[in-house]
Amino acid sequence: DRKYSKMRKEIAHTQGPKTLPLIGNVHQLAKTPNAVVHFMFDNWYKYGQGNYRVWVGYYLHMMIGDPKDVEFILSSNTLIAKSKVYDMLHPWLGDGLLTSKGSKWHKHRKIITPSFHFKILQDFHDVMNSNSTKFIDKLMAASKDGKIFDFQHYVNHLTLDVICETAMGISINALDNPNSEFAKAVEFMCGNINMRALNPLKRKIATYQFFPDYKDYCKALAVLKDFTYGVIERRIELLNRKRTQKSNAEPEDEFTKRKMAFLDTLLSTSKDGSPFSTQELYEEVSTFIFEGHDTTSSAISFAVFLLSRHLGIQKKVYEEQQRIMGDDLKRSATFQEISEMKYLDMVVKEALRLFPTVPVVGRHTEKEYNMNGKIIPEDTSLNIFLLSLGYNEKVFPDPYRFDPERFDPSNNGEVHKPFEYVPFSAGPRNCIGQKFALLEVKTVISKVVRYFEILPALDELESKDGYVCTYFGPYRHQKPPLHKYDPKVAAMLTLKSDNGILLRLKERK
Ligand code: HEM
């Protein structure tokens, strides 16, 4: 109790919603991922578009929205331990790059960084191209006869296929077999973690094990482990066989069609002179599968959604495609061509401002910090509210306008400082997959725009004035209510739409 009173005094510098004895703000916490967005935004607006605090019992959560404090936290070399929510990922991802800390994280980060070298990305681009061609076929079928359909659903399968092929070197083909055991288990696990994040009793295995759905969780976990360990073991065996046979002939197997997968790169590197253990390989490969598919699918879905509502901007994207791709608009773009798509770059940046894929990143203080003159006690959860940064009116004037020109490098009107916009985080623990992600997002959108006119679910839902339909905080009550085809933004570990991304596609002839 003394510790609690001391902490309360120390953080008097930061306001927050009124608390009740013992439980703090627990009674106000949101119960659905959509309500989480509104809870976070309502308070952020109420407390001046900066930081605020929430007490969950005796546990202090600081929500950080002030770019100066975002900078303090993200550039720190010591504030790198993740907050307790990430513990839920542990049974699946172990101590992979996302969840580990200290010297293990440091060593692995150093070893893994070269796996995203631009030469390797070029190889990965072939995988993105072939899978997005297949994706187009799926879209053709799903969007037949002007049908309104959920775009998010299909993108999930595409990005899962891309990440499995690039990370493990095998094709799981979720686009054709969305009901395969592995695809289902990944989907279940992502949903399970999001759902449990909202229920304190389900967060820890010690209490979750008494809930009826715990059995399904164990089953999915076993499928994920068996599958991934199986791939790794077969890959090691194959390597050993190659070494002993000293033959250059490629043996016939599931791996032959791939060049270098992420797993191969890890197998060919050494840590302190000895290779990664099988468990470490498992942890890193699984981390990639998780971090590398749920994120890109959210980014692609929201960007395509915005294009479906802002047809003038879509037209400019298409004109850039015509300029760069020439006469054959149906072929895959090369790595070089993707890098020349500067307007598309701006659209993706602006989409990530309005709908940043990772709404919050969390750190845990292992000692007391002085953050720009404010004391932050030991054992505090620092939640960097990435989702709020793009709506800060001082940084992004008229934030509810979808306006890619904000990111035009020649537009001197809006200059953003480095920590005012950080959808991929920043500093030592930033996203290691940023270049991979942007390459995939651009590759997929480029192809979708060249094959289809992306249309809103209903013609009248087109934005005529350039504003988005999703408002937060006090604005939510001043604007027309959401249409059933508008996205219900939901803060899970990644940002999603609760009701999918509903739109229509019309094939371009
Ligand atoms: C649009 C897509 C993506 C976005 C917006 C994104 C964003 C982020 C953010 C905000 C973090 C910091 C998380 C934290 O501090 O807790 C992060 C970390 C990470 N991301 Fe991404 N990510 C994306 C795609 C990817 C992809 C495609 C991969 C892998 C191929 C990837 C791999 C990782 C890994 C391994 C980490 C942990 C890095 C570390 O702690 O050292 N991400 N990402």
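# A tour from the ligand outward

By class, 13 nonpolar, seven polar and four charged residues form the shell around the ligand. In this classification Ala, Val, Leu, Ile, Met, Phe, Trp, Tyr, Cys and Pro count as nonpolar, Asp, Glu, Lys and Arg as charged, and the others, Gly among them, as polar. The model is predicted: local features need pLDDT of at least 70, side-chain atom pairs count only at pLDDT 80 or more, and totals for chains, interfaces and linings use all residues. Residues are numbered from 1 along each chain as its sequence is written.

**Stop 1: the ligand.** Select the ligand and the 24 residues around it; Gly292, Thr357, Cys431, Gly433 and Ala437 come nearest. A residue is near a molecule if its C-beta atom, placed from the backbone, lies within 6 Å of it. Next, colour α13 (278-309), which gives the most to the shell, seven residues. Both α13 and α18 supply at least two residues of this shell. Helices (H or I, at least four residues) and strands (E, at least two) are DSSP runs, numbered from the N terminus.

**Stop 2: cysteine 431.** Select cysteine 431, in the loop between α17 (386-389) and α18 (434-451). The unreviewed UniProt entry annotates Cys431 as "binding site". UniProt positions are given in the numbering used here, feature names are shortened, and annotations may be inferred rather than shown by experiment. Is cysteine 431 buried or exposed? Cysteine 431 counts as buried because it has 20 C-beta neighbours inside 10 Å. The cut-offs are 20 or more other C-beta atoms within 10 Å for buried, 12 or fewer for exposed, and in between for partly exposed, with C-beta atoms placed from the backbone. Leaving aside neighbours within four places in sequence, cysteine 431 is in contact with Phe424 and Ser425. Contact here means that the C-beta atoms of two residues, placed from the backbone, lie within 7 Å.

**Stop 3: two helices.** Two packed helices are described by the angle between their axes and the distance between the axes. Show α6 (residues 118-142) together with α18: their axes come within 10 Å and cross at roughly 35 degrees. Axes are lines fitted to C-alpha atoms, for helices over the stretch in contact, and angles run from 0 to 180 degrees between N-to-C directions. Which residues make the contact? On α6 they are Leu121, Phe124, His125, Met128, Asn129, Ser132, Phe135 and Ile136. On α18 they are Lys435, Phe436, Leu439, Glu440, Thr443, Val444, Lys447 and Tyr451. By class, the contact of α6 with α18 has nine nonpolar, four polar and three charged residues.

**Stop 4: alanine 142.** Stay on helix α6 and select alanine 142. With 14 other C-beta atoms within 10 Å, alanine 142 is partly exposed. Alanine 142 touches Phe149 and Tyr154, not counting residues up to four places away in sequence. From alanine 142 to tyrosine 154, twelve residues on in sequence, the C-alpha distance is 9.0 Å.

**Stop 5: lysine 330.** Go to the loop between α14 (311-325) and α15 (335-340) and select lysine 330. Lysine 330 counts as exposed, with 12 C-beta neighbours inside 10 Å. Not counting residues up to four places away in sequence, lysine 330 touches Arg450 and Tyr451. Lysine 447 is 117 residues away along the chain, yet its C-alpha atom is 7.5 Å from that of lysine 330.

**Stop 6: aspartate 66.** Finish at aspartate 66, in the loop between β2 (59-64) and α3 (67-74). Aspartate 66 is buried, with 21 other C-beta atoms within 10 Å. Aspartate 66 touches Gly50 and Asn51, not counting residues up to four places away in sequence.
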